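I opened this notebook to keep track of what I looked up. The entries follow the order in which I checked things.

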Amino acid sequence: MMTHDASSQLDSLFERMRDANERSLGYPSAKDFDYAAIERFLKFPINNVGDPFADATYRVETRECEREVVAFFAELFRAPQDDWWGYVTNGGTEGNLYGLYLARELLPNGMVYYSEQTHYSVAKNLHFLGMRHITIRSQASGEIDYEDLRETLKIHRDVPPIIFANIGTTMTEARDDVRAIAKIMDDLAIRQRYIHSDAALSGAYAGLLDPRPAYDFSDGADSIAVSGHKFLGAPIPCGIVIARKHNVQRIARAIDYIGSLDTTISGSRNGYSPLMLWYRLRELGLDGIKRRLAHSLELAAYLETRLNEIGVAAWRNPNAITVVLPRVSDAIRAKWQLATAGAISHVIVLPNVTREQLDAFTADLAAERAAHEA
Ligand SMILES: *Cc1c(COP(=O)(O)O)cnc(C)c1O
């Protein structure tokens, strides 16, 4: 039995969350989902401990769903036939940590290169792993500065490079060109190397864009991480990481206690998120994802135009669903929950965002500007 007190606390928490959820344009969490069909699985202590592709002794698990989810992304990321492996993570950060861990095991003396615009969690990951790293300049768009990368790689030619590429930077959704990065290393005759793509936001749709950004296995990436709760949408943070299987096999260890391989980062693993992602992919299909992407791109272009019309210098990277604008006031920032860094703020036009919301947001900005001029 729940006490009256706890129950009224839950009610007010629920209402607060519902209100906040309606006015949030700045963080990359899609909200157009309904997981009612799988709510009943919350009755079970689901645990996918161990490798998703190996058998395990504990059977309250969703490995079959997990394997299907991983296979879907391996195909979307054009992973080589029979040479991919992956698992469902607790988010983009864990996928990035896994990619860097794998790179370190393969190239223990490696040096990590990443651009200034890299997500804040990456420096912490590198600290955990004790990996040396060099920051490369970014262009104004947020994309890595290829000349700075080339010059820096040249100076350190004796150390195998591990490139941490951004496929959609946090603030401006800039995508580093993995093919161009691989070409730079080819030109410098650097053969021992590793490229990880951080596709936390864009990974769920980058492969469906035209032109297709160069970010995947065919372009030269060795591992890719994506978040599941961002573009696809989920009530719990989750993600997927895919890597080349022959690399993973070099670091796998068999553990008797669980009757499986210890290939993943955590011991007990969330078994509910693989089910969620499986259900989401089944429900949407590739067509559903494409439809949601088209909606986001159309409305992002709409918002950019509307803001320019009222005199706000908003801009967007090519085929981005993120609209960048000069830093907004604290009042607007709080009302619309906009992420802000230095001189810029952004709106991420996720598939749940409506034209009416964008009109209301534009009207708020216009009213503020009019008040300033009066
Ligand atoms: C969101 C994000 C991350 C972190 O992913 P989580 O799912 O929040 O752990 C890493 N990199 C980029 C570029 C991101 O946008």
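Entry 1, ground rules. I am working with a predicted model, where local features need pLDDT of at least 70, side-chain atom pairs count only at pLDDT 80 or more, and totals for chains, interfaces and linings use all residues. Residues are numbered from 1 along each chain as its sequence is written, and side-chain values use heavy atoms, with hydrogens and water left out.

A pocket here is an open set of points on a 1 Å grid over the protein atoms alone, where a 1.4 Å probe fits, with protein on both sides within 12 Å along at least five of seven lines; lining residues have an atom within 4 Å of a point.

I listed 29 lining residues for the largest pocket, with Pro28, His119, Tyr120, Thr170 and Lys230 nearest its centre. Helix α3 gives the largest share, three residues. At least two residues each come from α3 (92-106), α7 (229-233), β11 (339-341) and β12 (344-348). Helices (H or I, at least four residues) and strands (E, at least two) are DSSP runs, numbered from the N terminus.

By class I noted 10 nonpolar, 17 polar and two charged residues in this lining. Ala, Val, Leu, Ile, Met, Phe, Trp, Tyr, Cys and Pro count as nonpolar, Asp, Glu, Lys and Arg as charged, and the others, Gly among them, as polar.

I found 16 residues in its lining, and Phe14, Met17, Asn21, Phe33 and Pro235 lie nearest the centre. Helix α1 (residues 4-22) gives the most, seven residues. The second largest pocket lies between domain 1 (4-31 + 292-373) and domain 2 (38-281), because both give residues to its lining. The domain bounds come from an automatic or database domain assignment.

Which residues are around it? I noted Gly91, Thr93, Asn96, His119, Thr170 and Lys230 among them; near means a heavy atom within 4 Å. I then checked polar contacts, pairs of N or O atoms within 3.5 Å. A polar side-chain atom of Asp198 is 2.6 Å from a ligand nitrogen. Ligand oxygen atoms lie 2.7 Å from a polar backbone atom of Gly92 and 2.8 Å from a polar side-chain atom of Ser227. The protein covers 87% of the 380 Å² of accessible area that the ligand has on its own, by the Shrake-Rupley method with a 1.4 Å probe.

Most residues other than glycine have a negative phi, and most peptide bonds are trans. I found a cis peptide bond from Asp210 to Pro211, with omega near 0°. Pro211 sits in the loop between β5 (194-198) and β6 (223-227). Arg78 has a positive phi, near 50°, and lies in the loop between α2 (63-76) and β1 (84-89).

Technical notes:
A polar contact is a pair of N or O atoms within 3.5 Å; within protein, one must be able to donate a hydrogen and the other to accept it, and residues adjacent in sequence count only if both atoms are side-chain atoms.
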